[in-house]
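This walk through a protein model starts from a single residue and widens from there. Please keep the structure in view while reading.

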Amino acid sequence: MGGVSFGLLGPVSVWSGGEELDAGSPQQRGVLALLLLGEGRQVSLDEIVSALWGDRAPRSAVVSTRTYVSRLRRVLADGGGAGLGTEAEIRSAGGGYQLVVDPCAVDVTVFRQTTAAARQARERGDVAEASRLLRGALALWRGPAFDGLGGGFFDGRRTWLEQLRASAMEERWALDIERGDGGEAIAELTLATAAEPYRERLWELLMWALDRDGRPADALAAYRRVARLLAEDLGLDPGPGLRGMYARIGTPAGAPPRLTALHSSGR
């Protein structure tokens with residue numbers, strides 16, 4: 001792999017020709033992440049200081065930031081100086097900096113572009129291509145986004161990216177189930193519902209996958225498990241998505257049971 005490339009979907013990283021470079025301390029990696037998230041626009045010194053230190057910025061924050069930028073420039077110059085293809089340059093711009101780089105060298109950008117291409121593939125009916133694209137997009141993740149960086153700014157951006165990741169994962173499961181290839185989805189959704197038991201969409205997908213796999217009884221048993229969980233822990237009935245999946249699979253009794261009513265009556 002040639003050129004300089006960047007990773008934010010995991011620890012903040014830089015590679016040159018496939019070899020990882022030393023991006024420095026967490027604060028220095030934070031500066032790099034901010035510049036990459038700027039997507040070529042100017043990122044002011046105030047923005048950088050606020051993201052790295054919040055309301056507790058020391059007097060030396062501006063000087064420290066300039067030091068980090070200087071070190072990052074050396075890292076990029078050393079990594080991209082061998083004619084390997086993609087180049088990256090940090091330029092001074094107004095009261096801040098901008099990182100000029102091919103967007104396709106940044107994993108966050110590639111992830112978003114690939115998931116958008118997957119949606120377009122599904123819209124034109126190419127389910128297999130949409131599934132392939134989503135698998136490729138999800139394979140870019142190496143761990144939690146901005147792993148090792150803390151603070152309100154990075155926590156907020158991490159939440160945003162994790163939501164995009166979760167949506168892509170749910171879409172990939174749905175596509176695989178639709179294609180009749182739900183074996184892997186069942187295994188993964190079983191783990192996912194155990195990890196996040198109140199996310200009803202996961203249970204809905206698990207029910208669908210089990211039904212498509214010729215296991216409608218297991219699908220309905222999954223509904224009863226989540227319905228009881230919601231009733232006993234949260235005092236809620238399943239939402240319309242789960243109830244619709246229950247009705248779609250069908251039972252001799254007809255309508256889905258309302259577990260909160262049973263629970264509150266002591267039955």
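Leu-36 counts as buried, because its relative accessibility is 7% and the cut-off for burial is under 20%. The model is a predicted one. Leu-36 is found in helix H1, which covers residues 26-37. Leaving out residues up to four places away in sequence, Leu-36 touches Phe-6, Leu-8, Leu-99, Val-101 and Val-106.

Once neighbours within four places in sequence are set aside, Thr-109 is in contact with Glu-39 and Pro-103. Thr-109 belongs to helix H4, residues 107-123. With a relative accessible area of 15%, Thr-109 is buried.

Helix H7 runs over residues 183-195, 13 residues in total. From first C-alpha to last, H7 reaches 19 Å, close to the 18 Å expected at 1.5 Å a residue. Its buried residues are Ala-185, Ile-186, Leu-189, Ala-192 and Thr-193. Viewed down the axis of H7, these buried residues fall within an arc of 130 degrees, so they line one face of the helix. An α-helix has 3.6 residues a turn, and therefore residues three or four places apart point the same way. What do the buried residues of H7 pack against? Their partners are helix H6 (152-178) and helix H8 (200-212). The face of H7 turned away from the buried side carries Leu-191, Ala-194 and Ala-195, which are exposed.

Is Leu-234 buried, partly exposed or exposed? Leu-234 is partly exposed, because its relative accessible area is 43% and that class lies between the 20% and 50% cut-offs.

The whole protein can now be put around these details. The protein has eleven helices and six strands. Of its 267 residues, 43% count as buried. Among contacts with a separation of 6 or more, 58% join residues 24 or more positions apart. The accessible surface of the protein comes to about 13500 Å², and carbon and sulfur atoms account for 49% of that area.

Notes. Residues numbered from 1 in each chain as written. Predicted model: local features only at pLDDT ≥ 70, side-chain atom pairs only at ≥ 80, totals over all residues. Heavy atoms only, no water. Buried < 20%, exposed > 50% of the residue type's maximum accessible area, 1.4 Å probe, protein only. Helix = DSSP H or I, 4+ residues; strand = E, 2+ residues; numbered from the N terminus. Expected span 1.5 Å × (residues − 1). Arc of directions from axis to C-beta. Contact = heavy atoms within 4.5 Å. Areas by Shrake-Rupley, 256 points an atom, 1.4 Å probe, with all protein chains shown as cover.
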